[in-house]
Amino acid sequence: MPKDAAVEEFAGLVRALKARGGRSYEALGRRLSISASTLHRYCSGATVPEEFAVVDRLALLCGTDEEERRALEAAWTQADRARRQAAW
């Protein structure tokens, strides 16, 4: 089943953050208190976090500014909506 465009966009932003941070999935996962595989699923678009907080922490770790974080939250909101609709 193809992924929703909103989920793809969100995953791309998370991948960009991960690349920008220059750390491995394991290192970032430890800093975020999530597993490396969970972070990888967010980056691949296989899943969307249920809460924005973990993504916000990732954004802060990777040096984003307030404007970038607001854009990331908007993308997460759309991806989360798509995730919830797919669950129905």
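Helix α2 (residues 25-32) packs against helix α4 (residues 53-61) at an angle of about 115°, the two axes lying 10 Å apart; helices here are DSSP runs of H or I with at least four residues, numbered from the N terminus, while axes are lines fitted to C-alpha atoms over the stretch in contact, with angles running from 0 to 180 degrees between N-to-C directions. The structure is a predicted model, in which local features need pLDDT of at least 70 and side-chain atom pairs count only at pLDDT 80 or more, whereas totals for chains, interfaces and linings use all residues. Residues are numbered from 1 along each chain as its sequence is written, and side-chain values use heavy atoms, with hydrogens and water left out.

The crossing of α2 and α4 is right-handed, a term applied if the near helix is turned clockwise from the far one by less than a right angle, anticlockwise being left-handed. On the α2 side the contact (heavy atoms within 4.5 Å) is made by L28, R31 and L32, and on the α4 side by V54, R57, L58 and L61. These residues divide into 5 nonpolar, no polar and 2 charged, where Ala, Val, Leu, Ile, Met, Phe, Trp, Tyr, Cys and Pro count as nonpolar, Asp, Glu, Lys and Arg as charged, and the others, Gly among them, as polar.

A further helix pair is formed by α1 (residues 5-21) and α3 (residues 36-44), whose axes come within 6 Å and cross at roughly 125°. The two helices are therefore oblique to each other, given that angles under 35 degrees count as roughly parallel, over 145 as roughly antiparallel, 65 to 115 as roughly perpendicular and the rest as oblique. Helix α1 contributes A11, V14, R15 and K18 to the contact, and helix α3 contributes Y42, C43 and S44; by class, the residues of this contact comprise 4 nonpolar, 1 polar and 2 charged.

C43 is buried, with a relative accessible area of 1%, the term buried denoting under 20%, exposed over 50% and partly exposed the range in between (1.4 Å probe, protein chains only). The structure holds 0 disulfides, a disulfide being a pair of cysteine sulfur atoms within 2.5 Å. The closest cysteine sulfur to that of C43 belongs to C62 and lies 9.4 Å away, which is too far for a bond. C62 is likewise buried, at a relative accessible area of 8%.

D80 is placed in helix α5 (residues 66-87) and is buried, its relative accessible area being 7%. When residues up to four places away in sequence are not counted, D80 touches V48, P49 and E50.
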